[in-house]
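Please consult the sequence and the structure shown below while reading this briefing.

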Amino acid sequence: MSHPVTQDSSRKLSPARPDADLFCRVIDNFGDIGVCWRLARCLARDHGWHVRLWVDALDALARIKPQGAAEPGVEVRQLNDDTLSCLPARCVIEAFACDLPPALVMSMAAQHPPPRWINLEYLSAEAWVEGCHGLPSYDAASGLTKHFFFPGFTARTGGLLRERDLPAQRDAWLADAAARKHDLARLGMAVDTGALQLSLFGYESPSIATLIEALAAHAQPVQLWVPEGRSLTVAAEALGRPLRAGEVVQRGALALHALAFMDQDDFDRLLWQCDLNIVRGEDSFVRAQWAARPMLWHIYPQDGGAHLTKLDAFLDRHAEGLPAEVATRLRALHRGWNSTAAVPVDDWHAVLGDLPLLASHARQRAASLASHDDLATQLVMFNQPPI
Ligand code: TRH
């Protein structure tokens, strides 16, 4: 059940003080900034918050952020610990336990009352998340308390990032052939409507080679869209030739299209129009679920195989309601893709045969997940003073 979010009237009393300072340090790739930019946008667009987004790597933000008009309500600032001195916002969010600049923590401690201090954690479907979401943690150095905020898949977690109008936007775009054609053409995508559509945005996996082999032998034409990046490099190796954005390689039934890296909104459109999306990390993983299409998750590898526990926890939830043999194949595909051994070509064929069933399952899953409050809404509720 979605909760309405009431406006906090204290905002109007101090317009100069932002509602949130959101801190992001880019470890690698695009997930850290991808999540933070999306959260900043949701807080601003859906809740009217004024967000200062502090980022140490503005170049990473530039890759994913739609160009052109500024985003009302979001102020992007270069994060530079040495020069940071400003009045903290009412709510200070450190994403993924990135350390806050010490000078900021000192000014937070000097405020009465101090800002709400949130540590936004990584997404996991594991059961323990419910018990840890919202827990306080005392910071002895400053005397402040911060709270852990865990995204998640159940009502007892912080929820998933989702713009308020996302399902409606997705469905409207899919129903509007002219808009679709225009956007896809802008992205350099000549879509063959009779072809099976796949996208590939993962890391390196030996299964990319067997996927190509299976698709080349598929009974129906296939278009595989691969944005520039790590998976495209592996695909190019498998095909034995370099691949630049805009180039197409034909192998049997398969046309593999290399795409230029696009902004987050266009990346959504790519996912919306595909029959199977291979995604990774955290943000594209969530977006593939909102696309309501079958998906395969390339999870971010962690030391000691911790990511495999996370993967299993997700699959336990994701496969709920699927016929047992389809669920078993889906699980084996995920396990295979995330291992160092390639998924056998026959297994690919079997899963491609499951796509119609997986498609209706994905629609149900997306609708069920969308019945929970989204992450930005929950954060806003968490920040409201008790009545
Ligand atoms: O890029 P990722 O692998 O990100 C990460 C980081 O490695 C991070 O350190 C780790 O903590 C986290 O994963 C779990 O995958 P992710 O999360 O899917 O982020 C990719 C972002 O890039 C996402 O916001 C979508 C966006 N994107 C575009 O905007 N345009 C594109 O063309 C593509 C392919 C992706």
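**Briefing on the predicted model**

β6 and β7 (residues 144-149) are paired in the antiparallel sense through four bridges; strands count as paired if DSSP finds at least two bridges between them. Helices (H or I, at least four residues) and strands (E, at least two) are DSSP runs, numbered from the N terminus. The model is predicted, and local features need pLDDT of at least 70, side-chain atom pairs count only at pLDDT 80 or more, while totals for chains, interfaces and linings use all residues. Residues are numbered from 1 along each chain as its sequence is written, and side-chain values use heavy atoms, with hydrogens and water left out.

**Seven-stranded sheet**

- The bridge partner of P136 in β7 is H147.
- β6 and β7 belong to an open sheet of seven strands with mixed pairing, in the order β3-β2-β1-β4-β5-β7-β6.
- At the edges stand β3 (74-78) and β6 (136-139); each has a single partner strand, so one side of each is left without a neighbour in the sheet.
- Neighbouring strands of this sheet are turned by 25° against each other on average, direction ignored; axes are lines fitted to C-alpha atoms, for helices over the stretch in contact, and angles run from 0 to 180 degrees between N-to-C directions.
- β1 and β2 run parallel and are joined by five bridges, with C24 opposite V55 in β2.
- In β1, five of its five residues are buried, where buried means under 20% relative accessible area, exposed over 50%, and partly exposed in between (1.4 Å probe, protein chains only).
- Both faces of β1 are covered, with A20, L22 and C24 on one side and D21 and F23 on the other.
- In a regular strand the side chains alternate between the two faces of the sheet.
- Helix α2 (residues 31-47) lies across β1 (20-24), β2 (51-55), β3, β4 (91-95) and β5 (116-120), at about 170° to β1.
- Helix α4 (residues 102-109) lies across β1, β4, β5, β6 and β7, at about 115° to β7.

**Six-stranded sheet**

- A further open sheet, of six strands with mixed pairing, has the order β10-β11-β9-β8-β12-β13.
- β10 (248-251) and β13 (295-298) stand at its edges, each with a single partner strand, so one side of each is left without a neighbour in the sheet.
- β9 (residues 222-227) runs parallel to β11, and six bridges join them; Q223 has A255 of β11 as its bridge partner.
- Helix α11 (residues 283-290) is mostly covered, eight of its eight residues being buried.
- α11 lies across β12 and β13, at about 155° to β12.
- A292 follows α11 and has a positive phi, near 60°.

- A260 is located in the loop between β11 (254-259) and α10 (264-272).
- With a relative accessible area of 42%, A260 is partly exposed.
- Leaving aside neighbours within four places in sequence, A260 is in contact (heavy atoms within 4.5 Å) with E228 and A245.

**Ligand site**

- An N or O atom in the side chain of D28 is 2.6 Å from an oxygen atom of the ligand.
- For N29, a polar side-chain atom lies 3.0 Å from an oxygen atom of the ligand.
- For S284, a polar side-chain atom lies 2.6 Å from an oxygen atom of the ligand.
- The ligand taken alone exposes 710 Å², of which the protein buries 98%; accessible areas come from the Shrake-Rupley method with a 1.4 Å probe, and for residues only the protein chains shown count as cover.

Technical notes: A polar contact is a pair of N or O atoms within 3.5 Å; within protein, one must be able to donate a hydrogen and the other to accept it, and residues adjacent in sequence count only if both atoms are side-chain atoms.
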